[in-house]
Amino acid sequence: MRAALRYGALAALGSLTLSTAVAAPAHGADAAGTARPPYERFDPFAGGRAVTAHELAAGPAARGVALAARRAAAAGIAFGPCPKEEMLPDPVTCGTVQVPLDYAHPEGREIALTVSHVKARGKPSERQGALVYNPGGPGASSMSFPMVADLPEWKKIAAAYDIVGYAPRGVGHSAPLSCESPQDFAKAPTAAPEHPSRAYKRQRVKEAKAYARACAAKAGDALPHYTSINNARDLDVLRAALGEKKLTFMGASYGTYFGAVYATLFPSHVRRMVFDSAVDPDPSQVWYGDNMEQSAAFERRWADFRTWVARHDAVYHLGTTAAGVERSYEEVRARVARRPAGGTVGTAQLQAAMLSAGYYDDYWAMRATALSEYLKGDEKPLVEQASPLTLPEAEREAENANAVYTAVECNDAPWPGDWRDWDRDNTALARTAPFETWDNVWQNLPCAYWPAPHRRPVDVRTAPGALPPTLILAAERDAATPYEGALELQRRLAGSSLVTERDAGTHGIAGGPNACVNAYMTDYLLTGRTPGTAASCAPHKAPNPVSLARAKAPRRETSGSRALSTRALRTSVLPGPA
């Protein structure tokens, strides 16, 4: 969902984001007991209904997928040295697979998807095939994923599987999409008011219209073909190119959504699937409703962070209650609004840095330290954590990710075309969830003025017995992909199993610090066993509070960072927000 704070501002992290003719289950309160946001007056199906797997299977694009897959199976992938920009170490190798730009016309223009790969490290008799991973976005690449083979959490899996990453269409070297100059996208400092004025809103509407026009001008007739349906089709061609009769796949965040689309379109091609931090696939939610759900959930997770900081007031001195910590944060906002920290950290950059704490609690000590030291007169930790990276490669990667994010979400589904609808719905939501609501609006507002056609979302759904058992992993207090999405995905994928990390909110929990979650994932990938309909894991250990005197807060990780860490490799969010 939210991928960047504004079209011209490189923020700290981005979010994701996202069924046959049976009616979708009714929605109630979420796992925390909070009513869903007030956007029901927007009807995404005013012009029709969700598109079913049967309809997609009957169209010319289905024949194009079959043809492209046969070609890819015959050609295979010639793995060799990786592009220098990927900075991937030996023994990782790379190659490309050709896919049609338009599956309805498979003889037309093709694009090359870049693929990374490391061979299974166990005995030949232990090898189970290839494990393909997507970290989300839309707009994120998993080219660095083979590096997990060196991490202890993945050792058993890496012994049994070739570990495969790739850059989806439009991303990285895979026919990259761009909508503006990377330098303009990385511009800082910029503002992010929690309660924008009418004049500010008018300016953001103007910018959204300009951004949509720029995407169309730069992409040309390719623009309508960046969709979740095509990402699922590309995945089937990649499966064939790898020589796999059936796909073993792990998707995180947005990767769960087009992974679920894949399961809907190609259930007989699935071997095993892991859905880590699931997007709500209800067609009525994709994508306008999903983004509002995300904004509401970030408010709750922001409160979790402030409560933790207050619990450790002896370290941070930001307040003994969550409300007291909020007052300290508002003081920091007011100061950087008057004078940006380091000349580069305005309220938008501050907001983005704090948003990352909503994704990962291993950021909590770093962010609390930065706020604490700033209020004591030392702005260096805040500048180190929140200022945008200005290396050309990082700027290009960030702008590219944002462009793909926007194109996919705008193309995938209907959006309100009248600014008054956005303003009404989000003004109401911001009364109770001011932390992220308006920044999420500005991220997605180009979809109101998108020049390419809005498609009907896929009715994600599989019939009993059509799909092998699949595994869904979810943290109960995840903000980027609220827990209701995991419940909805389980209702729609017959025979799926849900593993819940209780009372935790990290986004992307596979391969992380929770040994219980990792044990279920490893057992499933190695044996195909699931823990029945549902299983629970206790939360991972709470972060350890540190002060600047005891530990220096490290530079924040971004999509441009190649640091090898469990957190960086287990999932990804777009720069800006996953």
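Analyst: In this predicted model, helix H16, which spans residues 437-444, is mostly covered, with eight of its eight residues buried.

A strand can be examined in the same way. Strand S8, residues 497-501, is also mostly covered, and five of its five residues are buried. In a regular strand, side chains alternate between the two faces of the sheet. In S8, Ser497, Val499 and Glu501 lie on one side, Leu498 and Thr500 lie on the other, and both faces are covered.

S8 has paired strands as well. Strand S7 (residues 471-475) runs parallel to S8 and is joined to it by five bridges; one of the pairs is Leu471 with Ser497. Together with helix H17 (residues 483-492), these two strands make a right-handed β-α-β unit. Strand S9 (residues 534-537) also pairs with S8 in the parallel sense, over four bridges, and Leu498 stands opposite Ala534 there. From S8 the chain crosses through H18 to S9, and this β-α-β crossover is left-handed.

Helix H18 covers residues 515-527 and holds Asn518. Asn518 counts as buried because its relative accessible area is 9%, under the 20% limit. A polar atom of the Asn518 side chain lies 2.8 Å from the backbone nitrogen of Gly511. Beyond four places in sequence, Asn518 touches Glu153, Ile509, Ala510, Gly511 and Gly512.

Burial can also be considered for the nonpolar residues. Nonpolar side chains tend to be buried together in soluble globular proteins. Here the largest nonpolar core has 97 residues, and Val132, Leu235 and Leu238 have the most contacts inside it. Leaving aside neighbours within four places in sequence, Leu238 is in contact with Ile77, Val97, Val115, Val132 and Tyr166. Apart from that core lies another of 37 residues, including Trp302, Val325, Tyr363 and Ala370.

Finally, some caution is required. The chain averages a pLDDT of 89, and 87% of the residues score at least 70. However, pLDDT stays under 50 over residues 2-35 and over residues 549-577. Where pLDDT is low, the predicted coordinates should not be read in detail.

How values were computed
Residues are numbered from 1 along each chain as its sequence is written. This is a predicted model: local features need pLDDT of at least 70, side-chain atom pairs count only at pLDDT 80 or more; totals for chains, interfaces and linings use all residues. Side-chain values use heavy atoms; hydrogens and water are left out. A nonpolar core is a set of buried Ala, Val, Leu, Ile, Met, Phe, Trp, Tyr and Cys residues joined through side-chain atoms within 4.5 Å. Buried means under 20% relative accessible area, exposed over 50%, partly exposed in between (1.4 Å probe, protein chains only). Contact means heavy atoms within 4.5 Å. pLDDT is the predictor's confidence in each residue, from 0 to 100. A polar contact is a pair of N or O atoms within 3.5 Å; within protein, one must be able to donate a hydrogen and the other to accept it, and residues adjacent in sequence count only if both atoms are side-chain atoms. Two strands pair if DSSP finds at least two bridges between them. A crossover is right-handed if, with the strands pointing away from the viewer, the path from the first strand over the helix to the second runs clockwise.
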